Amino acid sequence: MKILVCVSNVPDTTTKITFTDNNTQFNTNGVQFILNPYDEIALARAIELTDGGKGTVTVINVGEANTEATIRKALAIGATDAVRINAKPHDAWYVAYQIAQYVKANPFDLILTGRESIDYNGSKVAGMLGELLDMPSVSIIKKLDGADTEATVEREIEGGKEVLTIPYPFVAGTAEGVAEPKIPNMRGIMSARTKPLAVIEPVEVKTFSEIISYETPAPRGQVKLVPADDTAKLVELLHAEARVI
């Protein structure tokens, strides 16, 4: 089995986010970047499915040279090889289109993404890949079991669970529960230095969105404490001030 795992290079969740150029550009100075946690889950499951010589795992990233440390971590965790499409990821459409063009020339049995990236939380790439590649796509899955010609996936829906059997090839966006993220060991870290990492140039594609500006959430306001036995006061505040009821 050949599995492709799409990975993103994202800011660590503890990073203090700031913007430059009149709030039109994300300020990367001093920012620690990491492998997107949901992509780590996808990668862990891909490695489990191919463990024991049952296949290969390729990781792919749309990003510039500064993402290679993140890609090398994915290789250290256990990916067989990697591909970096040498471009700034403008938006989900751009990323999905670039990956789709690569897959058309290099077919895979299974394509995995994280449910979303923790920077923009769009949850779009898996669905777009399925459409661009004309193959089934399912998100957000909580369980993935593979067989010779098909896989069984489980996803949560309102009021229950949905279990699907899908023939290969298909695209899946993974969430918590699919696998436990793996920590690279010393052997993996050393071998990652020599594993293949191909760098290819992007294809030309029309972009349909543009970021005009960023803004940070408003700071938290003061907290009003209401005695536990004063329900009427609580209802009044929720209605008159918070305006949630």
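**Figure 1. Buried residues of helix α3 in the predicted model.** Eight names make up the buried set of α3: Y94, V95, A96, Q98, I99, A100, Y102 and V103. They pack against strands and a helix from several parts of the chain. The partners are β1, β6, β7 (81–86), β8, α4 (125–133) and β13. Helix α3 has 14 residues, which at 1.5 Å a residue should span 20 Å. An α-helix has 3.6 residues a turn, so residues three or four places apart point the same way.

Figure 2. V95 is a residue of helix α3. Its relative accessibility is 15%, so V95 counts as buried; the cut-off for buried is under 20%. Beyond its neighbours within four places in sequence, V95 is in contact with V62, P89 and V125. N61 is 34 residues from V95 along the chain. The C-alpha atoms of V95 and N61 are separated by 8.5 Å.

**Figure 3. The largest nonpolar core.** This core has 34 residues. Those with the most contacts inside it are V5, L43, V59, L112, L144 and F170. Which elements each supply at least two residues of this core? They are β1 (2–6), α1 (37–50), β6 (56–63), α2, β8 (110–114), β9 (137–146), β10 (150–157) and β12 (170–174). Helix α1 gives the most, with seven residues. L43 can be followed through its contacts, leaving aside neighbours within four places in sequence. L43 touches V5, V57, V59, A74, I77 and A79. Another core, of 22 residues, lies apart from the largest one. Among its members are L4, A96, V171 and V205. In soluble globular proteins, nonpolar side chains tend to be buried together.

**Figure 4. T70 in helix α2.** T70 sits in helix α2, which runs over residues 68–77. Is T70 buried or exposed? It is buried, because its relative accessible area is 8% and the cut-off is under 20%. Setting aside neighbours within four places in sequence, T70 is in contact with S8, N9, I34 and L35.

**Figure 5. Aromatic pairs.** How many aromatic pairs does the structure hold? There are six. F19 and Y214 form a stacked pair, with 4.7 Å centre to centre and 5° between the planes. This pair links distant parts of the chain, 195 residues apart. F19 is in strand β3 (residues 19–20), and Y214 is in the loop between β13 and α6 (231–240). F19 and Y214 are both buried. W93 and F208 form an edge-to-face pair, at 5.8 Å centre to centre and 65° between the planes. They too come from distant parts of the chain, 115 residues apart. W93 belongs to helix α3 (residues 92–105), while F208 lies in the loop between β13 and α6. W93 is partly exposed, with a relative accessible area of 24%. F208 is exposed, at 58%. Ring pairs also link F19, F26 and Y214 into a cluster.

**Figure 6. K2 and the ring of F108.** K2 lies over the face of F108. The distance from the ring centre is 4.9 Å.

Figure 7. Strand β11 covers residues 160–167. It pairs with β10 in the antiparallel sense, over eight bridges. E156 stands opposite K161 in β11. Two residues lie between the strands of this hairpin. G159 takes a positive phi there, near 85°.

**Figure 8. R193 in a loop.** Where does R193 lie? It is in the loop between α5 (186–192) and β13 (197–200). R193 counts as exposed because its relative accessibility is 60%, and the cut-off for exposed is over 50%. R193 and H90 are 103 residues apart in sequence. Their C-alpha atoms are 28 Å apart in space.

**Figure 9. The protein as the setting for the close-ups.** The protein has six helices and 13 strands. Its C-alpha trace spans about 65 × 45 × 40 Å along the principal axes. Of its 245 residues, 37% are buried. Contacts between residues at least 6 apart in sequence were also sorted by separation. Among these, 68% join residues at least 24 apart.

Methods
Residues numbered from 1 in each chain as written. Predicted model: local features only at pLDDT ≥ 70, side-chain atom pairs only at ≥ 80, totals over all residues. Heavy atoms only, no water. Helix = DSSP H or I, 4+ residues; strand = E, 2+ residues; numbered from the N terminus. Buried < 20%, exposed > 50% of the residue type's maximum accessible area, 1.4 Å probe, protein only. Phe/Tyr/Trp six-rings, centres within 6.5 Å; stacked < 30°, edge-to-face > 60°. Lys NZ or Arg CZ within 6 Å of the ring centre and 35° of its normal. Contact = heavy atoms within 4.5 Å. Core = buried A, V, L, I, M, F, W, Y, C linked by side-chain atoms within 4.5 Å. Expected span 1.5 Å × (residues − 1). Pairing = 2+ DSSP bridges.
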